[in-house]
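Thank you all for coming.

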Amino acid sequence: MERTNPITPAGFAALRARYEQLFAVERPAVVETVSWAAGNGDRSENGDYIYGKQKLRAIDRELGQLSKKMKFANVLDPAKQPDRSKVYFGATVTMADIDDVHRTVTIVGDDEAEAAEGRIGWNSPLARALRGAKVGDVKTVNLPSGPKEWEVMEISYPDGVE
């Protein structure tokens, strides 16, 4: 049985936009190329046909994956979080480690996570450790290099009243 996957409205919109781009623009263009190449005769040595079919399979595979992600997506709007005193889905959390190095992350769906941009997935080790934390709480995250402690300095949610 599949589990639902939390995702922000913006993350879901990005999935849908990618699906629409593939389905309405890229796939028809590749189908047209494959059709044209098929009409040129011998398909066994026809590069346009062979690579076009491979590209078509890759697009269809990605469309299937996107469709599955959207089917199981549970769109949660962080702006509607009633309890803003604790870390839940969609929270932006500023933390400090023992060396007073600050780090700010936003907890988003796994499908929209981008660590380099400060967006971490809901099921990442850091997000799991932070769930339910309040300002002042110290949470331990088990990293490959060993456990690391982070103190929650600030919690915020988008478009909301504190």
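Let me begin with a question: in which helix do Arg16 and Glu20 both lie, and how many residues apart are they? Both of them lie in helix H1, 4 residues apart, which is about one turn of the helix. When I say helix or strand, I mean DSSP runs, with helices being H or I of at least four residues and strands being E of at least two, numbered from the N terminus.

Before going further, please keep in mind that this is a predicted model, in which local features need pLDDT of at least 70 and side-chain atom pairs count only at pLDDT 80 or more, while totals for chains, interfaces and linings use all residues. Residues are numbered from 1 along each chain as its sequence is written, and side-chain values use heavy atoms, with hydrogens and water left out.

Now to the charged pairs. Side chains of opposite charge can pair when their charged atoms come close. The structure holds 7 salt bridges, a salt bridge being a side-chain nitrogen of Lys or Arg within 4 Å of a carboxyl oxygen of Asp or Glu. One of them is formed by Arg16 with Glu20, where the closest N and O atoms are 3.8 Å apart. Arg16 counts as partly exposed because its relative accessibility is 37%, and Glu20 is likewise partly exposed at 42%; the convention here is that buried means under 20% relative accessible area, exposed means over 50%, and partly exposed lies in between, with a 1.4 Å probe and protein chains only.

Another salt bridge is the one between Arg18 and Glu62, whose closest N and O atoms are 2.9 Å apart.

Asp111 is partly exposed, with a relative accessible area of 30%, and Lys69 counts as partly exposed at 34%. Salt bridges that share partners join Arg18, Glu26 and Glu62 into one network.

Is Thr8 buried or exposed? Thr8, which is found in the loop between strand S1 (5-7) and H1, is buried, because its relative accessible area is 10%. The side chains of Thr8 and Glu112 are joined by a polar contact of 2.6 Å, that is, a pair of N or O atoms within 3.5 Å, where within protein one must be able to donate a hydrogen and the other to accept it, and residues adjacent in sequence count only if both atoms are side-chain atoms. A polar atom of the Thr8 side chain also lies 3.1 Å from the backbone nitrogen of Gly11. Not counting residues up to four places away in sequence, Thr8 touches Val75, Leu76, Pro78, Phe89, Val108 and Glu112, contact meaning heavy atoms within 4.5 Å.

Pro9 has its place in helix H1, residues 9-38, and is partly exposed, with a relative accessible area of 35%. Leaving aside neighbours within four places in sequence, Pro9 is in contact with Val75, Leu76, Asp77 and Pro78. Pro9 and Asp77 are 68 residues apart in sequence, yet 6.2 Å apart in space, C-alpha to C-alpha.

Next, the strands, where pairing requires that DSSP finds at least two bridges between two strands. A hairpin through 2 residues joins S6 to S7.

Finally, the loop between S3 and strand S4 (102-108) holds Asp100. Most residues other than glycine have a negative phi, whereas Asp100 has a positive phi of about 60 degrees although it is not a glycine. Asp99 is found in the loop between S3 and S4 and is exposed, with a relative accessible area of 60%.
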